[in-house]
Amino acid sequence: MAEIPLFAPRPTDPDETIKILIELSRALSEGQQSRADEIEDFTKILETISTPRLTMTRLADSIFFLDESNVLPGDLLVLTYLVSSNPEKYLKEASRAVNSAAERVRTYNGDNSSRIAQVVSSQLTSHDVEVSDNASKAMIAMCKRLDIFVGPSIEAISFCWSQTSSAIVAVRCATTLIEITIANESAMDLAVSLTAMDNVLRILNDPTDPLTQMTIIDLLERMATTKPIHDSAARWISSDQVVGPLLEMAGGSGEIDPLLGGPALKLLSFIFSNVRHQVSANMNSNHLQGFKRALHNFDSSGEIGRLDFVDAVSSFASATNDTLIGTLDDPFLREKWLSLASVAQPKLKYVVLSSIARVIDPSLYTQQGKEPPDSLAFRLLKTFGAVNSRDAVDILLSLAKSPIVETRLGSYVLMHAIAKRAAGVKLMLGHKDFFNFLMDRDIETTKEGKESKYFIVKTVLESEVHSMLADDVVEKLQKVVDQGPFVVKTIAWEEMATE
């Protein structure tokens with residue numbers, strides 16, 4: 001029979017493991033100098049009766065009170081000691097266990113939230129990518145689930161950030177902080193009051209490290225595109241301290257930054273479009289004029305440049321009624337935005353049409369009454385027609401017959417947006433071919449196209465204009481709605497026989 005090594009792992013005994021962890025905790029609490037030999041013995045015994053993964057899981061679950069019947073005294077002390085004494089064995093497993101426990105915590109009855117936040121945040125500086133990533137995820141999970149961890153976590157992240165000169169660690173801190181503040185409005189308020197968000201602004205305004213600036217812009221884009229965005233985040237990201245530097249990068253006050261100008265303009269577009277009801281209140285006329293200048297300075301050549309420009313100008317136009325009027329009055333902006341003459345790529349044509357729809361569609365405005373009035377929406381449609389030397393509805397019906405799927409879908413998106421306004425239904429039904437287009441179930445062959453056409457019909461039928469339509473028109477529209485988007489025509493047996 002083979003000889004068993006002195007400290008070979010044996011099958012795990014939960015009760016025995018708990019006893020050793022408790023003894024180790026007592027020894028550590030009484031002082032590592034006075035009981036150094038015992039601490040070493042307990043550590044070796046622990047290695048023989050339990051694996052690092054099971055040990056760390058038991059400690060992490062105890063730290064977060066996941067099983068209140070098995071809460072171990074000094075659990076955090078033992079975990080930090082084991083990790084510091086043998087990081088190669090315990091560090092990764094500790095980070096995994098803490099992250100797993102943080103994602104499962106529902107209540108916390110302890111008084112150690114500050115110390116937990118400090119210990120977890122300290123691993124944001126780890127050179128091991130998995131460990132630092134787990135630390136970030138754990139802090140985000142803690143704060144999402146329990147408010148008791150929010151304040152301590154923000155303070156711990158700020159302290160960690162203040163102690164490093166590493167751009168990599170700074171980005172980890174920024175990522176963790178922004179994710180916490182996105183998820184929790186009170187966290188954003190606290191982060192602002194504790195000046196934690198100033199760390200983000202400091203990097204945004206630091207021209208010596210453009211790559212880190214780029215990363216911060218990406219993180220702010222994550223905040224701006226979160227739906228729904230809470231009011232505190234909306235107020236902060238649309239404030240002068242954020243918008244001002246972005247406008248400068250985008251060319252709003254002079255030359256566009258060759259590296260950061262495009263991403264900055266894209267972020268500004270998201271701020272204008274996704275935070276539009278807060279933007280109106282927070283952005284002054286200088287911001288609006290700066291964004292307009294940035295649009296004039298932006299290089300929109302090439303497909304990507306034109307895509308970014310269309311997104312940006314439509315976001316600017318949708319911010320307020322005045323910005324929409326200003327866009328339509330500006331020959332350069334309206335031509336660059338609305339013209340289809342030089343658009344060869346179907347994807348770009350779809351983007352242009354859907355960008356117009358985004359401005360016209362009243363359902364996309366978060367506050368009722370903030371959408372452009374019918375007169376202004378129809379001025380946009382009229383300008384779209386004029387720029388392309390043709391009636392707007394005529395253009396859309398022509399595009400709806402295109403053999404290219406993206407082009408057809410773009411026309412459907414814009415027609416659906418127009419149909420959400422009663423006056424828009426009247427406008428389109430006034431075209432001699434629009435009703436026949438609605439009734440034609442054969443022209444569209446794709447699933448997306450059939451659904452899009454169906455919702456146009458449904459919206460027309462449900463509009464305020466319904467009562468003004470002739471009975472036979474209503475009957476035909478109702479039949480389409482009743483049949484659904486994927487109606488299949490059947491052929492009578494007699495017809496099949498004659499064929």
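Leaving aside its neighbours within four places in sequence, which residues is Met-223 in contact with? Select Met-223 and look around: the partners are Ile-178, Thr-181, Ile-182, Met-188, Met-197, Ile-229, Ala-233, Trp-236 and Ile-237. Keep in mind that this is a predicted model.

Now widen the view to the largest nonpolar core, which has 163 residues. Met-223 is one of the members that touch the most others, along with Phe-64, Leu-220, Trp-236, Leu-246, Phe-291 and Met-415. As general background, nonpolar side chains in soluble globular proteins tend to be buried together.

Next, select residues 302-319, and you have helix α18. Its 18 residues reach 26 Å from first C-alpha to last, close to the 26 Å expected at 1.5 Å a residue. Helix α18 is mostly covered, with 13 of its 18 residues buried.

To find its centre, pick Leu-79, Val-119, Val-120, Ser-122 and Gln-123, the closest to it of the 22 lining residues. Then colour α4 (75-85), α5 (87-104), α6 (113-122) and α7 (129-145): each supplies at least two residues of the lining. By class, that lining has 14 nonpolar, seven polar and one charged residues.

Last stop: Asp-440, in the loop between α26 (434-439) and α27 (447-462). Finally, draw a line from Asp-440 to Leu-146: they are 294 residues apart in sequence and 55 Å apart in space, C-alpha to C-alpha.

How values were computed: Residues numbered from 1 in each chain as written. Predicted model: local features only at pLDDT ≥ 70, side-chain atom pairs only at ≥ 80, totals over all residues. Heavy atoms only, no water. Core = buried A, V, L, I, M, F, W, Y, C linked by side-chain atoms within 4.5 Å. Buried < 20%, exposed > 50% of the residue type's maximum accessible area, 1.4 Å probe, protein only. Contact = heavy atoms within 4.5 Å. Helix = DSSP H or I, 4+ residues; strand = E, 2+ residues; numbered from the N terminus. Expected span 1.5 Å × (residues − 1). 1 Å grid on protein atoms, 1.4 Å probe; cavity = no way out; pocket = protein on both sides within 12 Å on 5 of 7 lines; lining within 4 Å. Nonpolar A, V, L, I, M, F, W, Y, C, P; charged D, E, K, R; others polar.
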